Amino acid sequence: MYTAADHAFMAQALRLAEKGLYTTTPNPRVGCVIVRDGKVVGEGWHEKAGSPHAEVNALKAAGELARGATAYVTLEPCSHFGRTPPCAEALVSAGVVNVVAAMRDPNPLVAGNGFALLELAGVRTRSGLMENEARELNIGFVSRMTRGRPWVRVKTASSLDGKTALSSGTSFWITGEAARRDVHRLRARSCAVLTGIGTVLADDPQMNVRDVATTRQPVRVVVDSQLRIGPAAKILTSGKVLLATASEDAQRIGKLADAGAEVLVLPGSAGQVDLAKLLAELGKRGINELMVEAGCTLNGALLAAGLVDELVMYVAPVLMGDKARGLFGLPEMTEMNQRQELNVVETTMIGQDMRIRARVKA
């Protein structure tokens, strides 16, 4: 049975973990609080891959006061050597006697082994405190560890009547400045941003983070079945870019490689990119959260293939008419049971626009 104090200390650990929201890729976001005699004596969070983990930072802050203390940590302490030594061993060496974890680590290299190592050394362990909150914070990491692919979050910006651009393709700007800033926060927390060749040709976007202070930029991924992108496209001018294609045109691939892109040849049916293979490849590359900023064709293809986990929809208080472009290019539905059902998990106002966050029902 967890007490109110237990909840308070774990909530503090979760707030610490959130400080790594933009920086820990491909590692999970983790926070740790060391408590002795009811008082916090040390705290820490994992800041970036390769740097000390949350437990090590908290133990360093606690010093000798860690002996006989309880550690509240948002994820099961690791038990393996990666870029850093096992945190479970560090906790044992420091003399911590109790470890309360929000959730078990889904990484097969840990997955209960951290708890086992602690218990073998006589440390009492408990888990499950505020597990839902911890899982949400690391939803992409959990997805990659359990499904081998990132959590796919599709962002859209539309009018109240569900339109994303005029028939001419003009879309600047449907939503307001506050909503656009919010989109940059979503980009900043994402490991990669995915778009389609239609968006690149129409808008020539950069797809980078500009309105949020961050030490890293997400990988940009372009789905371009026939390699229509030009070497001078803005998206190729800075940072890591992956081009997913069905084309095997060696000359075009060579020119784009010279422009700084890495080309992934992933042919699927009907001359299109195999999107499931693309997500699996991104998973292998440590991509936890993938943000999709694309047009109705790619949005619809991902949704139809069952590859979308979440929608973040910014809806502006405007109407654009039935000739304007829609949100998702999906096949015609002839029966109501063919509808794609969603669970709305959040609605909030961002300036004058509404942000709707919804999960796709399995």
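The model is predicted, so local features need pLDDT of at least 70 and side-chain atom pairs count only at pLDDT 80 or more, while totals for chains, interfaces and linings use all residues. Residues are numbered from 1 along each chain as its sequence is written, and side-chain values use heavy atoms, with hydrogens and water left out.

**Exercise 1.** Classify Glu281 and Arg285, and state how their side chains meet.

Solution. 
- Step 1: Glu281 has a relative accessibility of 21%, so Glu281 is partly exposed.
- Step 2: Arg285, at 33%, is partly exposed.
- Step 3: the two side chains form a salt bridge, at 2.7 Å from N to O. The term stands for a side-chain nitrogen of Lys or Arg within 4 Å of a carboxyl oxygen of Asp or Glu.

**Exercise 2.** Describe the salt bridges of Arg153 with Glu289 and Glu310.

Solution. 
- Step 1: the closest N and O atoms are 2.9 Å apart for Glu289 and Arg153.
- Step 2: Glu289 belongs to strand 11 (residues 289-292) and Arg153 to strand 6 (residues 151-159), so this pair ties together parts 136 residues apart in sequence. Helices (H or I, at least four residues) and strands (E, at least two) are DSSP runs, numbered from the N terminus.
- Step 3: Glu289 and Arg153 are both buried.
- Step 4: for Arg153 and Glu310 the closest N and O atoms are 2.6 Å apart. Glu310 is in strand 12 (residues 310-316), and the pair links parts of the chain 157 residues apart. Both Arg153 and Glu310 are buried.
- Step 5: Arg153, Glu289 and Glu310 are among the residues linked in a network of salt bridges, which also includes Asp182 and Arg359. The whole structure has 23 salt bridges.

**Exercise 3.** Find the aromatic pair in the structure and give its geometry.

Solution. 
- Step 1: a search of the whole structure finds one aromatic pair. Rings of Phe, Tyr and Trp (its six-membered ring) pair if their centres lie within 6.5 Å; planes under 30 degrees apart count as stacked, over 60 as edge-to-face and the rest as tilted.
- Step 2: the ring centres of Phe9 and Tyr72 are 5.3 Å apart and the planes are at 45°, so the pair is tilted.
- Step 3: Phe9 is in helix 1 (residues 4-18) and Tyr72 in strand 3 (residues 70-73), so the pair ties together parts 63 residues apart in sequence.
- Step 4: Phe9 is buried at 13%, and Tyr72 is buried at 6%.

Note on methods
Buried < 20%, exposed > 50% of the residue type's maximum accessible area, 1.4 Å probe, protein only.
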